[in-house]
Amino acid sequence: MPVGDEWILEGLDGIPPRLAETAQSLALIDHHVHGCYVEKIDRGAFEESFNEASTDPIPAFMTQFDSQPGFAFRRWCAPLLGLERHAPADEYWAARSALTPAELDRRLLPLAGVEHWVMDTGFSLRPITDPAAMAAESGGATSEIVRLEVVAEGLLATGVAPADFAEAFRAAIAEAAVEAKGFKTIVAYRVGFDIDWEPPTDAAVAAAVARWAALGQERPRLSDPVLEAFVVHAAVALGLPLQVHVGFGDRDLDLHRTNPMLLLPLLRRAEVQRTPIMLLHCYPYHRESAYLAQGFDNVYFDIGLGVNYLGAQSRQLIAEALELAPFAKQLYSSDAFGLPELHLVGSILWRRGMAAALGRWVREGEWSEHDACRVLEMIGAENARRVYGL
Amino acid sequence: MPVGDEWILEGLDGIPPRLAETAQSLALIDHHVHGCYVEKIDRGAFEESFNEASTDPIPAFMTQFDSQPGFAFRRWCAPLLGLERHAPADEYWAARSALTPAELDRRLLPLAGVEHWVMDTGFSLRPITDPAAMAAESGGATSEIVRLEVVAEGLLATGVAPADFAEAFRAAIAEAAVEAKGFKTIVAYRVGFDIDWEPPTDAAVAAAVARWAALGQERPRLSDPVLEAFVVHAAVALGLPLQVHVGFGDRDLDLHRTNPMLLLPLLRRAEVQRTPIMLLHCYPYHRESAYLAQGFDNVYFDIGLGVNYLGAQSRQLIAEALELAPFAKQLYSSDAFGLPELHLVGSILWRRGMAAALGRWVREGEWSEHDACRVLEMIGAENARRVYGL
Amino acid sequence: MPVGDEWILEGLDGIPPRLAETAQSLALIDHHVHGCYVEKIDRGAFEESFNEASTDPIPAFMTQFDSQPGFAFRRWCAPLLGLERHAPADEYWAARSALTPAELDRRLLPLAGVEHWVMDTGFSLRPITDPAAMAAESGGATSEIVRLEVVAEGLLATGVAPADFAEAFRAAIAEAAVEAKGFKTIVAYRVGFDIDWEPPTDAAVAAAVARWAALGQERPRLSDPVLEAFVVHAAVALGLPLQVHVGFGDRDLDLHRTNPMLLLPLLRRAEVQRTPIMLLHCYPYHRESAYLAQGFDNVYFDIGLGVNYLGAQSRQLIAEALELAPFAKQLYSSDAFGLPELHLVGSILWRRGMAAALGRWVREGEWSEHDACRVLEMIGAENARRVYGL
């Protein structure tokens, strides 16, 4: 069991002491994260939640435990369940299953050291904790991000007339903006980035909504480039930060059509340059995302999902994220979803990866220790605090 | 001269002992490899065989010895030829030339520690060893992979009527499947991946074959997108693993059209998901390939060619290949062709790179040594044994 | 203050002595570089010159000092201004401002250890030093590269008849070729690489020039694919090395359309293969560029701009540049522009990064120290000397 925070950097040699202290104890803002499952899940659902790859059952010849996140869970979470570190998968599963989801959350979440969770409360197949529950279980504050596609899909389900859709959507997100700290779009999943980014007219929106309604989907699913451009521009007009999923996700996504460079026609528009654009995840396009964060004053990025998925190898990714972009333009996130292991391990791996990269630069004299601590604080919390007004 | 296998990790510090032992002595399955030249070659042909880049003569201002593979040959093979390690290129060439090809094979191949070579016996400009000779010279077992384009080209050369081509091709590969362990396609070289992946009708195949035959090529060369889609679907229907060349090769290849993400329309088809798809080489798209291996239960990948070509710098590539994909989805290969140096050095570099990456993770406590050894065995042999039924 | 060159590798452990000596003292050829500002600049202009990202003012919430190049300037240049290393940004700015531009140049430039600057003397918003001044201030020799777009734009401004443009352009660059060591194109910025690379006829050129002239631009700006293909082919015909900007630059550039693989239709032309093609910068496409340098005898590449922009993290980039390409095909450059800090820090970071990567390979026995020193000399100077005939 951990005592204080010293366990987080265990095994890393030569981290200068003040940097180590900052990396271990810094209160993070996780600027893109989801809730935890509120009901017990079976082992299949558990392993499928290690990543977003697919909703197929895990094939009989393998287990997702044999992956970087699986090894990271067994390393970092097993001791918190009363097991040896690296406990075998079956033991891990048995110990985890013996706890209720809420017990598990309360055991793991506080150790992430997150003072504020900025939560995407959009759609989930299984019930997940809402911001109030997350706050109670973790000890951190919470804020909400509103997913644009969810608002549009809910609106269509109300049977709004196509001609009224644009106005009703604008009203709905304006109301949401009173409480929310930002918006999010998953245009990457739905149509890719290589669409016409000219703001559509209300008439074009009405026509697209009419086509969509005519599909008679039981569960409306927005996947129309006109409507994606519309919801993005409607959100941008409100000035709250807009989170944009970039790069990998599930296999329905055409990864090569989520290269963030394809957002250039959107980013070059003057009215868009007045709203913070937050590029999420970005792997394997994190270098391209950092280039955009360097080139546009209003563009930011994170490497959220990648850190958890890459486990021990996330160290290189974390270093690669420290290339082009000024340090005021990167944020921390875990993009954890469902499993509190992800909320915790995302934080541990990021702290370790930053300590290792920055520690080497300090040790070799390239950076001062003071600067290294400042950069940790900027990316870990300060940039999010400023951009979201927390 | 090496004594036991301890020389393989020489110069690497801090590898935990059991991991070192496994990395040195693990019997590999090289799941994609070619034979060795059976005739003596001149120095020009030797240097041109360091990579696939071009068949031009090496320009007078340079030597391919001054490259990562050149340095790796001089480091690892010179002592096996009775020279000092890093012996000068001229000395290396002189010592190598003093041996017959078979002597050279028998000296280098057994040291690769490969228990099974899965050989692509397709086309070569120069005579190369067949599986029986490889087995005799290396001490390892051998199996064959049948190259689809070679079968199709041979069939056209027989003068089969275009209307009979589809059926004749299916019969030919069904017969080949009795002995072969899998198929391979070089669609990447011939037309790229951005083609229509809908299975063509037999009528469309007949029309394409008629066009092809009308070209009157002395040496038939399949380079038609309809026929490439046809041969791939015909092979997939047989259920044997299908190897797909991905990423770099020679300069005739449009590298950006071999991004494996362009295979998504093929991979998303239900009937394709019943056959193992083996993405070969993949550099510089190994991160994209690992993403596909994570997303599709039937997709696997390797970084074969890259390890040899990157030499001392392959260590980073080997670590990058341990990012997204579950460890059950990656395989070892050398893709060695012609020079037994490639068969050997591919093995040494991979053993060293894995020992270095996994060794650090074990040392820093992120992985257990037991897991590290298991992953070495999975990627080095076990996954290939399972997928190919060896 | 530095004594000798030993300070350059300070903080790096375990560099073998002869390699360290070579890395510290090797006289470089910087084969792609610009002059320094000749007039005093204000702090905004200074920070905007850290990179090419944008010409917007730096936003109030940040400073470009908080970036990899900012940290590198404070580390490496502050002691040369009489400050502690890592001196705060305000102190750095105060000390820098106390010197005239020429004083600053004379203090920093000689320490770069560059014996020959191959200068792109093309367009600049602010006056910059010409080759004579650079030579005087740095102690190195200088040569010139002629930017094709500047020549074409100057020609249009003379009011040449469209029908005479092609001939006049050929005459102008033939005259320039008497003194210049090569040409450069920024086709990446202007139209991207995905254009028709067939050499246009003089009639097609005349028509394109007529359209261009009709725009009545106050300051003519070439941005027509026909004319870009024309100027490139005209330059190639003269046989002097042609520098091609590849990869990142400012935000007007469609980064994904500067993937060097899109140059394949140009590079495959026989007449182009007789002229050295120098791919500049290349990040984040340096692996693709190295692949082209491996595949084509006349293709070379550098990672100039990236080294400065990545600061302490440039070490990984420098190692990645040592993958596919034979060592005779890579060159050193800083691409420094305006700030002598960039001329100096580019050199220091490259020396350190090479010493670190090669030093590890020597230490671990993969490379001989002799080879490591040879590769430093090849990339640092010898390749440029041969290609440009210096």
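These legends walk through several close-up views of a predicted model.

Residues are numbered from 1 along each chain as its sequence is written, while chains are lettered from A and ligands numbered from 1 in the order in which they are written. Local features need pLDDT of at least 70, side-chain atom pairs count only at pLDDT 80 or more, and totals for chains, interfaces and linings use all residues; side-chain values use heavy atoms, with hydrogens and water left out.

**View 1. Chain C meets chain B.** Here 36 residues of chain C are in contact with 41 residues of chain B (contact means heavy atoms within 4.5 Å). Together the two chains bury about 3,400 Å², with 51% of it on carbon and sulfur atoms; buried area is the accessible area (1.4 Å probe) that two parts lose on being put together, summed over both. On the chain C side, C:Arg287, C:Tyr291 and C:Glu366 lose the most area to chain B, together 19% of what that side buries.

**View 2. Salt bridges between chains C and B.** How many salt bridges does the rule find across this interface? There are seven, each a side-chain nitrogen of Lys or Arg within 4 Å of a carboxyl oxygen of Asp or Glu. Look for C:Arg268 and B:Asp254, which form a salt bridge with their closest N and O atoms 2.8 Å apart. The side of chain C that touches chain B divides into 16 nonpolar, seven polar and 13 charged residues (Ala, Val, Leu, Ile, Met, Phe, Trp, Tyr, Cys and Pro count as nonpolar, Asp, Glu, Lys and Arg as charged, and the others, Gly among them, as polar).

**View 3. An aromatic pair across two chains.** A search of the whole structure finds 63 aromatic pairs over all chains; rings of Phe, Tyr and Trp (its six-membered ring) pair if their centres lie within 6.5 Å, and planes under 30 degrees apart count as stacked, over 60 as edge-to-face and the rest as tilted. The rings of B:Phe71 and C:Trp367 have centres 4.7 Å apart and planes at 80 degrees, so this pair is edge-to-face. B:Phe71 is buried, with a relative accessible area of 2%, and C:Trp367 is buried with a relative accessible area of 2% (buried means under 20% relative accessible area, exposed over 50%, partly exposed in between; 1.4 Å probe, protein chains only).

**View 4. An aromatic pair within chain B.** B:Phe165 and B:Trp212 form an edge-to-face pair, 6.4 Å centre to centre with 70 degrees between the planes. B:Phe165 counts as buried at 1% relative accessibility, and B:Trp212 is buried with a relative accessible area of 5%.
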